[in-house]
Amino acid sequence: MPSKELLEDVGKYIDKYYRPEMDDIKMDKEMRSIFDKISLFREKRKQLKNKENTENQIEIDESMAEEFDESTMDKVKFTKSMSSTIATNRNIDDLMNHMEETFSQRLLRMIDERDLTDSQVYTKAGVDRRHFSKIRNDIYYTPSKKVALAFSIALELSLDETKDLLGSAGFALSRSSKTDIIVAYFLENKIYDMFEINDVLDAYGEAVFKL
């Protein structure tokens with residue numbers, strides 16, 4: 001866990017830039033400033049973790065290695081990039097063609113375009129098979145905003161693509177939501193590690209994604 005001082009320092013930028021009355025997250029000068037501060041926060045957390053891991057490693061007795069239990073291992077992080085498998089085409093004709101898609105239609109199309117399997121996507125999104133089956137079988141299924149965001153991360157979407165996917169479910173990225181700001185930061189920087197996203201969300205006191 002980061003120090004109290006570090007969390008307080010990073011939390012100051014949220015107090016400064018948090019705008020409940022502003023609903024759209026755009027890459028203007030102000031948002032770039034916010035994202036720069038999150039980058040600095042992540043770097044400081046990384047340094048602290050590396051330091052803690054080094055100190056903990058020194059304290060480990062060699063005899064403990066013989067009693068190592070694989071069941072205590074952390075989940076393996078999914079780091080293989082999916083976004084590199086598809087070139088995004090966001091010209092006006094393409095946007096118009098998909099304008100009337102429901103969330104289910106858009107999600108399934110995006111999965112097919114990336115040549116991914118359903119299980120690859122819903123597993124990374126933290127959605128179980130039964131839940132995904134409802135989405136696939138009901139063209140008008142409306143997910144929660146958190147689920148829609150989870151699929152955006154799992155599909156490794158751009159910020160604009162995420163806005164489109166959320167819009168098809170009746171949602172929008174908002175500056176009035178700290179979760180939205182944090183997720184937007186990771187999407188904009190093409191960081192799709194759910195474990196790291198959850199780590200930062202938790203540090204800011206926001207609900208994490210189910211894994």
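This report walks through a predicted model of one protein chain, from its overall fold to single residues.

## Overall make-up

The chain has 10 helices and 0 strands. Read from the N terminus, the elements therefore run α-α-α-α-α-α-α-α-α-α. Of the 211 residues, 38% count as buried.

Take the contacts in the chain with a separation of 6 or more: residues 24 or more positions apart account for 74% of them.

## Confidence

The mean pLDDT of the chain is 78. A value of 70 or more is reached by 69% of the residues. Among the elements, helix H7 (residues 145-154) has the highest mean pLDDT, at 97. Helix H3 (residues 92-97) has the lowest, at 51.

One stretch needs care. Over residues 60-88, pLDDT stays under 50. For this stretch the model has 20 contacts beyond four places in sequence. Where pLDDT is low, the predicted coordinates should not be read in detail.

## Where H4 meets H8

Helix H4 (residues 103-113) and helix H8 (residues 159-168) cross. Their axes come within 8 Å, at an angle of roughly 145 degrees. The crossing is left-handed.

Which residues make the contact? From H4 come Phe103, Arg106, Leu107 and Met110. From H8 come Glu161, Asp164, Leu165 and Ser168. By type, the residues of this contact divide into 4 nonpolar, 1 polar and 3 charged.

## Aromatic pairs

The structure holds 6 aromatic pairs. One of them joins Phe41 and Tyr204. Their ring centres lie 5.1 Å apart, with 35 degrees between the planes, and the pair is tilted. This pair links distant parts of the chain. Phe41 sits in helix H2 (residues 29-59), while Tyr204 sits in the segment after helix H10 (194-203). The two are 163 residues apart. Are these residues buried or exposed? Phe41 has 1% relative accessibility, so Phe41 counts as buried. Tyr204 is buried too, with a relative accessible area of 11%.

Phe132 and Phe151 form another pair, with ring centres 6.1 Å apart. Their planes stand at 55 degrees, so this pair is tilted. Phe132 belongs to helix H6 (residues 129-137) and Phe151 to helix H7, 19 residues apart. Phe132 has 3% relative accessibility and therefore counts as buried. Phe151 is at 0%, so Phe151 is buried as well. Together with Phe103 and Tyr122, Phe132 and Phe151 form one aromatic cluster. Phe103 also takes part in the contact of H4 with H8.

## Two residues with positive phi

Asp115 has a phi near 55 degrees, a positive value in a residue other than glycine. Asp115 lies in the loop between H4 and helix H5 (118-125). Why does Asp115 count as exposed? Its relative accessibility is 69%, and exposed means over 50%.

Glu156 is not a glycine either, yet its phi is positive, at about 55 degrees. Glu156 is found in the loop between H7 and H8. Here the relative accessible area is 5%, so Glu156 is buried.

## Thr179 and its contacts

Thr179 lies in helix H9 (residues 178-188). With 9% relative accessibility, Thr179 counts as buried. What does Thr179 touch, leaving aside neighbours within four places in sequence? Thr179 is in contact with Lys146, Leu201 and Glu206.

## Phe171 in the H8–H9 loop

Phe171 has its place in the loop between H8 and H9. Its relative accessible area is 27%, so Phe171 is partly exposed. Leaving aside neighbours within four places in sequence, Phe171 is in contact with Pro143, Ser144, Lys145 and Leu166.

Phe171 can also be set against Ala148. In sequence, Phe171 and Ala148 are 23 residues apart. In space, their C-alpha atoms are 8.8 Å apart.

Note on methods. Residues numbered from 1 in each chain as written. Predicted model: local features only at pLDDT ≥ 70, side-chain atom pairs only at ≥ 80, totals over all residues. Heavy atoms only, no water. pLDDT = per-residue confidence, 0-100. Helix = DSSP H or I, 4+ residues; strand = E, 2+ residues; numbered from the N terminus. Contact = heavy atoms within 4.5 Å. Axes fitted to C-alpha atoms, helices over the stretch in contact; angles between N-to-C directions. Left-handed = near helix turned anticlockwise from the far one by under 90°. Nonpolar A, V, L, I, M, F, W, Y, C, P; charged D, E, K, R; others polar. Phe/Tyr/Trp six-rings, centres within 6.5 Å; stacked < 30°, edge-to-face > 60°. Buried < 20%, exposed > 50% of the residue type's maximum accessible area, 1.4 Å probe, protein only.
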